[in-house]
Amino acid sequence: MKSKNLGLFFGLSAGFLWSFTFLAPKISYQFTSTEILLGRYLIFFIISLAFFPLPKLIRFFKDHPSFLKEALITSTLGFSGYYFILVESVRLVGVPFPSFTMGLVPVTMILLAGNFRRNLKLYRTTLICVFLGMLTLAVKDISEINYAEKDLIDVMTGIALAFLALASWTYYALRNVKFLSDHPYLKSKDWSSILGLFALPTTLICLMIESLFRSKSLYIFQASSQEIGTFVACALAIGIGSSWLATYCWNIAGSILTKEMLGQMVVSETCFAVILNVLYEKRMPYPAELIALLLLSTGVAFAARKKS
């Protein structure tokens, strides 16, 4: 029981830390998505390098050569590639639809982890609560999108990319849990650092591919000292907290909880993101936000009561 509670604590901690990735772009709204992406994973790389120096990394892959491919795939699916796809989706259709789509991660993880029919029956109440909660937020947010001002092809491409990001992160989560379960001797801190060392190079590859189709001018060269200070603070928050520390907490939770329960922990990211957004805007939460938080929290509670 203590082990399960520890897993829930680390799972919720990861959700809390991840929620800052939604607030950071809002705080540093002047900067491009490219700058935010590079800022996050540059800090992630530096922190990971401090915990896992390159000589140690070389020795590690020399002893475990098969892990090199796993680190590359996992880092791309869960970090650089996923975030790159998500940013492109947001650029085409705005924030609401992609954020709602990523809120379906708990549902996809539960349904795809293990026996589909068994999970559908066992977690029926949880799935209903999660779906209704995310739908409540979606109705509020998507209604604010004016699709008449957007090109139909751009909208359809953005929607497709949102679901591609969902598939990427779901596959990353399930694959990473299985990998850690198959290698219990691998420390969560070490694996988090290894993924961080791969996140920056794969990010640069993604941005190089993007530059072939679209060029962007960076805002940082014309930003004021105060804006740069705010940007650096956000980069540190999501580079350390939302990346390295969140991955560390997630890996620990993944080594304790079942895939089905771990999927429910992702719901906390949405809950914390709504709370942080309300606090940042210094307002009372909207009724739709309160209803969604209640439904999502209820869904997590039902999942937590299920036996592993």
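Hi everyone, some housekeeping before the tour. Because the model is predicted, local features need pLDDT of at least 70 and side-chain atom pairs count only at pLDDT 80 or more, while totals for chains, interfaces and linings use all residues. Residues are numbered from 1 along each chain as its sequence is written, and side-chain values use heavy atoms, with hydrogens and water left out.

Let's start with helix α11, which runs over residues 188-211. When I say helix, I mean a DSSP run of H or I with at least four residues, numbered from the N terminus. α11 has 24 residues and spans 34 Å from its first C-alpha to its last, close to the expected 34 Å. That expected span is 1.5 Å times one less than the number of residues.

How many of the 24 residues of α11 are buried? The count is 17, so α11 is largely enclosed by the rest of the structure. Here buried means under 20% relative accessible area, exposed means over 50%, and partly exposed is in between, using a 1.4 Å probe and protein chains only.

Where does α11 kink? Look at Ala 199, where there is a kink of about 25°, shortly before the proline Pro 201. The bend is the angle between axes fitted to the seven residues ending at a position and the seven starting there. Ala 199 is buried, with a relative accessible area of 0%. Setting aside neighbours within four places in sequence, Ala 199 touches Tyr 41, Phe 44, Ser 75, Phe 79 and Ser 80. Contact, by the way, means heavy atoms within 4.5 Å.

Now over to helix α3, residues 33-51. Leu 38 sits in this helix and, at 29% relative accessibility, counts as partly exposed. Beyond its neighbours within four places in sequence, Leu 38 is in contact with Thr 203, Leu 204 and Leu 207.

On to helix packing. Two packed helices are described by the angle between their axes and the distance between the axes. The axes here are lines fitted to C-alpha atoms, for helices over the stretch in contact, with angles from 0 to 180 degrees between N-to-C directions.

Take α3 and α12 to begin with: their axes are 8 Å apart and the angle is about 55°. That makes α3 oblique to α12. For the wording, under 35 degrees is roughly parallel, over 145 roughly antiparallel, 65 to 115 roughly perpendicular, and the rest oblique. Among the residues making this contact are Ile 36, Tyr 41 and Phe 44 of α3, and Phe 231, Gly 239 and Trp 244 of α12.

α10, residues 152-182, has another partner in α7, residues 105-112. Their axes come within 10 Å and cross at roughly 50°, which makes α7 oblique to α10. On the α7 side the contact is made by Val 105, Thr 108, Met 109 and Leu 112, and on the α10 side by Leu 166, Trp 169, Thr 170, Ala 173 and Leu 174. Seven of the eight residues of α7 are buried, so α7 is largely enclosed by the rest of the structure.

Finally, which residues are exposed? Ile 153 of α10 is one, with a relative accessible area of 62%. Ser 217, in the loop between α11 and α12, is exposed at 60%. The C-alpha of Ser 217 is 8.4 Å from that of Thr 32, 185 residues away along the chain. Then there is Lys 282, in the loop between α14 and α15, exposed at 77%. Lys 282 has a phi near 55°, a positive value in a residue other than glycine.

Definitions and conventions. Helices (H or I, at least four residues) and strands (E, at least two) are DSSP runs, numbered from the N terminus.
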